[in-house]
Amino acid sequence: MPVEEQKREGKDDARMPYQLPFPADAGEEIVVPAVIPEDDRVWVPQAENVAFRPLCLSASQGYWMNLLRVRKSGVLSRHRHPQPVHGYVIKGSWHYLEHDWTAQEGGYVYEPPGETHTLVVPDGVEEMITYFQVNGVMLYVDPFGKTMGYEDVFTKIDMCRAHYEKVGLGADFVDQFIR
């Protein structure tokens, strides 16, 4: 039956793709076929043995989604989140000095706005990889809450551009993750 006739009769074929145009100003989707990349250059270094792999850098909404990879045990950072953070542990484990739980492989963590904590990768964990969605800003603080630095989606983009240029992927490699 032709589409016009189906529309008139209100019929719906579950296997028929959507037939109308998408909104003119809708953004492009991001499809990442291999979240854990084969090319190690995709990982952006943050500190010794600490790197992130961008998945979505939302400049328009002020959040980022990435994998955090840590290849050492010990204290990673103390930081505060004014907005919520979501995490899913893909490999290894980690915990916060301020809490009595451990985020384990396959586990999910929700961090509410106002949460301040010190991330630790325990002894014996050779590699930790966690998928994080960070909304807004991440404030690095001392033990008494004094801000020592910050990260936001724009500092993440800048880090990616500099790293990708340095390793030969080109500064514009990061553009595929920016929305």
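The chain exposes about 10,700 Å², of which carbon and sulfur atoms supply 53%, the areas being computed by the Shrake-Rupley method with a 1.4 Å probe. This is a predicted model, in which local features need pLDDT of at least 70 and side-chain atom pairs count only at pLDDT 80 or more, whereas totals for chains, interfaces and linings use all residues. Residues are numbered from 1 along each chain as its sequence is written, and side-chain values use heavy atoms, with hydrogens and water left out.

Two helices and twelve strands make up the elements of the chain, where helices are DSSP runs of H or I with at least four residues and strands are runs of E with at least two, numbered from the N terminus. The radius of gyration, taken over C-alpha atoms, is 20 Å, well over the 16 Å that the globule rule (2.2 Å times the number of residues to the power 0.38) gives for 179 residues, so the chain is more spread out than a compact globule.

| Property of the chain | Value |
|---|---|
| Box filled by the C-alpha atoms, along the principal axes | roughly 65 × 40 × 30 Å |
| Buried residues (under 20% relative accessible area) | 37% of 179 residues |

Glu126 lies in the loop between strand 9 (115-121) and strand 10 (128-135), and is exposed (over 50% relative accessible area), with a value of 71%. Leaving aside residues up to four places away in sequence, Glu126 touches Val70, Arg71 and Lys72, a contact meaning heavy atoms within 4.5 Å. Glu126 and Val70 are 56 residues apart in sequence, while their C-alpha atoms are 8.1 Å apart in space.

Notes:
Buried means under 20% relative accessible area, exposed over 50%, partly exposed in between (1.4 Å probe, protein chains only).
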